[in-house]
Amino acid sequence: MRRVALIYQRKLLEHDFGPGHPFRRERLALYFEKLRVEGVLDLPNVRVVDPDFKASEDDILLVHDPSLLNLIKRLSVGGGMLDADTPVPIGTYERALIQAGGIIYAGRAVMGGEFDRAVQCVAFGGHHATKAHYGFSFGFCYFNDDAIVIRHLQKYGYVRRAFILDCDAHHGNGIQEIFYDDPTVLYMSIHQDPRTLYPGTGFIDEVGVGAGEGYTVNVPLPPGVDNENYLRALREIFPPLMREFKPDILLFIVGADNYFADPLTNYNLTMAFYPELTNEVLKIADEVCGGRILIRLGGGYNVKAAVNAFYLVTACAAGMEKLNIEDVATPPTGKASSWITRQVDSTLTQLKRILSKYWACFK
Ligand SMILES: [Zn+2]
């Protein structure tokens, strides 16, 4: 039985983007309530942890320019806006340190052998946060926790190489920017075609620069993609890269915003997708990096769907076999159109050709 830490930071329940904002405050509490109802919290191998641990300013500065730290700090005193999409309610700075601290705690505990796996559901995003705020929308993010935890684990000698698999519907432009020239962190993102969705980055030819060339892998999939085509893309690209890169740890970001009923995106995935995705990822982590995995539950703007999907991911990580797979609306029927399948085929063929320059597994 895998020992699983569920990071549940009560202070984060306070974070409220405000009325009408797509990122709903109630998501986090409803997710934990769902875990309780479904019996996940009763499993003997699961422990709920609210670590008394905050990221330090030094941790933030491992990744970000001081200008961003000072901006968030200043705005969070009286409340304000980082950009049109990203309000900064009062107290945000402290909560941002707490949320980043939660995943740092989890990373240290997993690398130290206290837990095998850890799961954290976020109260605000991370993967769109670039080193500094250049005026472009941060998409509900403040600091890039995903990058901060990896840099922290590297700095303190827990980890040399890390693999980040990002299965949120949006491309993690911030993570990509931060590690673009870094061969010690492989960032792979599967996301909706950037021509059709914010932030508009993550094309297959964005592969990294300098020493980091080949260590950024983007798998854009067209709107309307179904479970089968998504999972096919994952299975053709992710396992071979993991086996060849051999990371010390896997950071797995999974959004529920790729669900068909999400109001912000255009995918056709159903609830049955989430256990399949998670089990595939866990299997490869077991095989390649001793099962050491940090799971971050990210975007998801249909609250009910996000709660169900995040419960499924968490239950799989906890080793629960009997799952309650419940769609929140009538799922799309039938298979994806042959146009979508052909698009995915063509993307995968081109991507493998590009990657074959850097990775023997695609030669
Ligand atoms: Zn997203």
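**View 1. An open, parallel sheet of eight strands.** Welcome to the sheet: its eight strands follow the order E2-E1-E5-E10-E9-E6-E7-E8, and their pairing is parallel. Two strands count as paired if DSSP finds at least two bridges between them, and strands (E, at least two residues) and helices (H or I, at least four) are DSSP runs numbered from the N terminus. Strand E2 (46-49) and strand E8 (216-221) stand at the edges with a single partner strand each, so one side of each has no neighbour in the sheet. On average, neighbouring strands are turned by 15° against each other, direction ignored. For all these views, please keep in mind that the model is predicted: local features need pLDDT of at least 70, side-chain atom pairs count only at pLDDT 80 or more, and totals for chains, interfaces and linings use all residues. Residue numbers start from 1 along each chain as its sequence is written.

View 2. Strand E1 (residues 4-7) runs parallel to E2, and four bridges join the two.

**View 3. Strand E9 and its two partners.** Six of the six residues of E9 are buried, so the strand is largely enclosed by the rest of the structure. Here, buried means that 20 or more other C-beta atoms lie within 10 Å of the residue's own, exposed means 12 or fewer, and partly exposed falls in between, with C-beta atoms placed from the backbone. In a regular strand, side chains alternate between the two faces of the sheet. In E9, Ile-249, Leu-251 and Ile-253 point one way, while Leu-250, Phe-252 and Val-254 point the other. E6 runs parallel to E9 and is joined to it by six bridges, with Phe-163 partnered by Leu-250 of E9. E9 also pairs with E10 in the parallel sense, over five bridges, and there Leu-250 stands opposite Ile-293.

**View 4. Helices H8 and H9 side by side.** Helix H8 (residues 273-289) packs against helix H9 (residues 303-317) at an angle of about 35°, with the axes 9 Å apart. Axes are lines fitted to C-alpha atoms, for helices over the stretch in contact, and angles run from 0 to 180 degrees between N-to-C directions. The crossing is right-handed, meaning that the near helix is turned clockwise from the far one by less than a right angle. H8 contributes Tyr-274, Pro-275, Thr-278, Asn-279 and Leu-282 to the contact, and H9 contributes Ala-309, Leu-312, Val-313, Cys-316 and Ala-317. Residues are in contact if their C-beta atoms, placed from the backbone, lie within 7 Å.

**View 5. Asp-286 in helix H8.** Asp-286 has its place in helix H8. This residue is partly exposed, with 14 other C-beta atoms within 10 Å.

**View 6. Val-88 in strand E4.** Val-88 is found in strand E4 (residues 86-88) and is buried, with 25 other C-beta atoms within 10 Å. Leaving aside neighbours within four places in sequence, Val-88 is in contact with Ile-72, Leu-75, Ser-76, Gly-79, Gly-80, Met-81 and Leu-82. Ser-56, 32 residues from Val-88 in sequence, is 19 Å from it in space, C-alpha to C-alpha.

Terms used: Two residues are in contact if their C-beta atoms, placed from the backbone, lie within 7 Å.
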